[in-house]
Amino acid sequence: MNPDPSEALDWVSKDIVRKSITVSYRQSQRLVDLAKDVATLGGSHAEDIILPDHLDTQGIAPVWRDCLDDHEKVADWLTERIQEIDRMLNRATTIAVLVNKEADVEPLALTLNDRLEEISLAAVPCKDGKVVGNDRDVRVFDIQHIKGLEFEAVFFIGLDETLEKHPELFTQFLYVGATRAATYLGITFYGVFPEVLMPLSSRFAEKW
């Protein structure tokens, strides 16, 4: 069992002052606000997060889409959103696609790659969380391997499947996915929007 950091500090000295780090250096205000809502939805306390002055404090609303129930539909939607990012930035940027299980990494990457080749991009399967390819590639990960990484754009695929498999933990998965994105966040569902996520609906748009 890992020791409680607070107890370790008490052992050193009870006079140590503890303060939470509340500065987000890599997220727009819209994504910070969404992360707070997700934390609250999961029953956690959403601490105030202060953005540095040099960041875009507003940002772009995240997007979501339901009823994308196979890799073909997901790949079509992803391609449209990635093309929107390309038009807005006029350059390639770091993009990650997160799936619920390792078995989906390679099939979705292959299906998406067929579409991205037309716009001179490539989708790369990052098996077992290994970061492969280059910054121009769209990388596909199992979400369990994504903690600690960050990208300009992140897409979370099949969030309703996450909710079904991990009803007590899905907000933690969503929080981790959402906080990996600096500017652009997209979420898809295999079925209709889950009722439990409706409190977040005002944070989302259908496209950029």
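## A tour from glutamate 106

Select glutamate 106: this residue is partly exposed, with a relative accessible area of 33%. A word before going on: the model on screen is predicted.

Stop 1: Is lysine 127 buried or partly exposed? Its relative accessibility is 40%, so lysine 127 counts as partly exposed.

Now select Asp33, Asp37 and Arg203. Salt bridges with shared partners join these three into one network. Across the model, the count comes to 11 salt bridges.

Stop 2: Move to aspartate 128. This residue also lies in the loop between S3 and S4. Aspartate 128 counts as exposed, because its relative accessibility is 52% and the exposed class begins over 50%.

Go on to asparagine 90. Where is it placed? Asparagine 90 is in the loop between H3 and strand S2 (95-99). Its phi is positive too, near 60 degrees, and asparagine 90 is not a glycine. At 70% relative accessibility, asparagine 90 counts as exposed.

Stop 3: Select glutamate 72 and arginine 115. Their side chains meet in a salt bridge, 2.4 Å from N to O. This pair links distant parts of the chain: glutamate 72 is in helix H3 (residues 71-89), arginine 115 is in helix H4 (residues 105-116), and 43 residues separate them. Arginine 115 is buried, at a relative accessible area of 18%. Glutamate 72 is partly exposed, at 43%.

Next, select lysine 73 and aspartate 69. Here the salt bridge is 3.0 Å, N to O. Lysine 73 counts as partly exposed at 38% relative accessibility. Aspartate 69 is partly exposed as well, at 46%.

**Stop 4: a charge without a salt bridge.** Select arginine 180. Look for it in the loop between helix H6 (170-178) and strand S6 (181-188). Arginine 180 is buried but makes no salt bridge. Which side chain of opposite charge is nearest? That is glutamate 150, 5.8 Å away.

Show the contacts of arginine 180. Beyond residues up to four places away in sequence, it touches Ile146, Gly148, Leu149, Glu150, Phe151 and Val154.

**Stop 5: strand S6.** How many of its residues are buried? The figure is 8 of 8, so S6 is mostly covered. Strand S5 (residues 151-156) runs parallel to S6, and 5 bridges join the two. Strand S1 (residues 63-65) also runs parallel to S6, joined by 3 bridges.

Zoom in on glycine 186 in S6. Valine 63 stands opposite glycine 186. Phenylalanine 155 stands opposite glycine 186 too. In a regular strand, side chains alternate between the two faces of the sheet.

**Stop 6: helix H6.** Select leucine 174, which lies in helix H6. At 3% relative accessibility, leucine 174 counts as buried. Its contacts, leaving aside neighbours within four places in sequence, are Val38, Phe156, Leu159, Ile187, Leu197 and Leu200. Draw a line from leucine 174 to valine 38. Their C-alpha atoms are 7.3 Å apart in space, yet the residues are 136 apart in sequence.

**Last stop: the whole chain.** Zoom out and colour by secondary structure. The chain holds 6 helices and 6 strands. From the N terminus, the order is α-α-β-α-β-α-β-β-β-α-α-β. Of the 208 residues, 45% are buried. Among contacts between residues at least 6 apart in sequence, 74% join residues at least 24 apart. The accessible area is about 11400 Å², and carbon and sulfur atoms account for 50% of it.

Note on methods. Residues numbered from 1 in each chain as written. Predicted model: local features only at pLDDT ≥ 70, side-chain atom pairs only at ≥ 80, totals over all residues. Heavy atoms only, no water. Helix = DSSP H or I, 4+ residues; strand = E, 2+ residues; numbered from the N terminus. Buried < 20%, exposed > 50% of the residue type's maximum accessible area, 1.4 Å probe, protein only. Lys, Arg positive; Asp, Glu negative; His and termini not counted. Salt bridge = Lys/Arg side-chain N within 4 Å of Asp/Glu carboxyl O. Contact = heavy atoms within 4.5 Å. Pairing = 2+ DSSP bridges. Areas by Shrake-Rupley, 256 points an atom, 1.4 Å probe, with all protein chains shown as cover.
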